[in-house]
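Let's take a quick tour of a protein model. Have a look at the fold first, and then we'll go through a few spots together.

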Amino acid sequence: MSDVKAIKSRTTDVAELILNILHLADEMSGRYGSGALAKTLAGSRAKKLPLKLKYHDLYGKYSHETRKFISLVFAELLRHGCINRNNGLYPTVNISQTGKDILNGSAELPKLQLQSKATVKKHSAKLSLAESL
């Protein structure tokens, strides 16, 4: 199945995924990177994943999704300024004021453009799927 077809056939409520990502980023407040948080949501069994994340309520909630898809949503939230990446030896993420406003209901969810980088490179054309929330 191509990446674009995989994105179109998602059953995940993207709005709920966005809110859960923001909640997790807020709760972990800059202690982990987007990769570790994506692994948590996907329910990774990686030995290096901290126990605090393995026992989190959101651990495995999106086990039916690929980590690649969850990472695409993280990238879009970074692009929209909903979460910030702290550049250091170990880049971590934390929630921005925009993300906090979304969580408390005073701002709308961003409209994400989820696209596969592999598909774009493969076909040398920009293929995107806009998610209207």
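Start with Ser29, which sits in the loop between helix 2 and helix 3 (34–42). Keep in mind that this is a predicted model. From that loop we'll move on to a pair of helices and then to some charged partners.

- Ser29 has a positive phi of about 30°, even though it is not a glycine.
- Most residues other than glycine have a negative phi.
- With 45% relative accessibility, Ser29 counts as partly exposed.

**Two helices crossing**
- The axes of helix 2 (residues 14–28) and helix 5 (residues 67–79) come within 11 Å and cross at roughly 70°.
- That angle makes helix 2 roughly perpendicular to helix 5.
- The crossing of helix 2 past helix 5 is right-handed.
- On the helix 2 side, Val14, Leu17, Ile18 and Ile21 do the touching, and they meet Phe69, Ile70, Val73, Phe74 and Leu77 in helix 5.
- Sort the residues of this contact and you get nine nonpolar, no polar and no charged.

**Salt bridges**
- The whole structure has two salt bridges.
- In one of them, the side chains of Lys61 and Glu16 meet at 3.0 Å, N to O.
- Lys61 is in the loop between helix 4 (51–54) and helix 5, while Glu16 is in helix 2, so this pair ties together parts that are 45 residues apart in sequence.
- Lys61 is partly exposed at 36% relative accessibility, and Glu16 is partly exposed at 32%.
- Glu76 also forms a salt bridge, with Arg79, and their closest N and O atoms are 2.9 Å apart.
- Both Glu76 and Arg79 lie in helix 5, three residues apart, or about one turn of the helix.
- Glu76 is buried, at 10% relative accessible area, whereas Arg79 is exposed, at 52%.

Definitions and conventions: Residues are numbered from 1 along each chain as its sequence is written. This is a predicted model: local features need pLDDT of at least 70, side-chain atom pairs count only at pLDDT 80 or more; totals for chains, interfaces and linings use all residues. Side-chain values use heavy atoms; hydrogens and water are left out. Axes are lines fitted to C-alpha atoms, for helices over the stretch in contact, and angles run from 0 to 180 degrees between N-to-C directions. Helices (H or I, at least four residues) and strands (E, at least two) are DSSP runs, numbered from the N terminus. Angles under 35 degrees count as roughly parallel, over 145 as roughly antiparallel, 65 to 115 as roughly perpendicular and the rest as oblique. A crossing is left-handed if the near helix is turned anticlockwise from the far one by less than a right angle, and right-handed if clockwise. Contact means heavy atoms within 4.5 Å. Ala, Val, Leu, Ile, Met, Phe, Trp, Tyr, Cys and Pro count as nonpolar, Asp, Glu, Lys and Arg as charged, and the others, Gly among them, as polar. Buried means under 20% relative accessible area, exposed over 50%, partly exposed in between (1.4 Å probe, protein chains only). A salt bridge is a side-chain nitrogen of Lys or Arg within 4 Å of a carboxyl oxygen of Asp or Glu.
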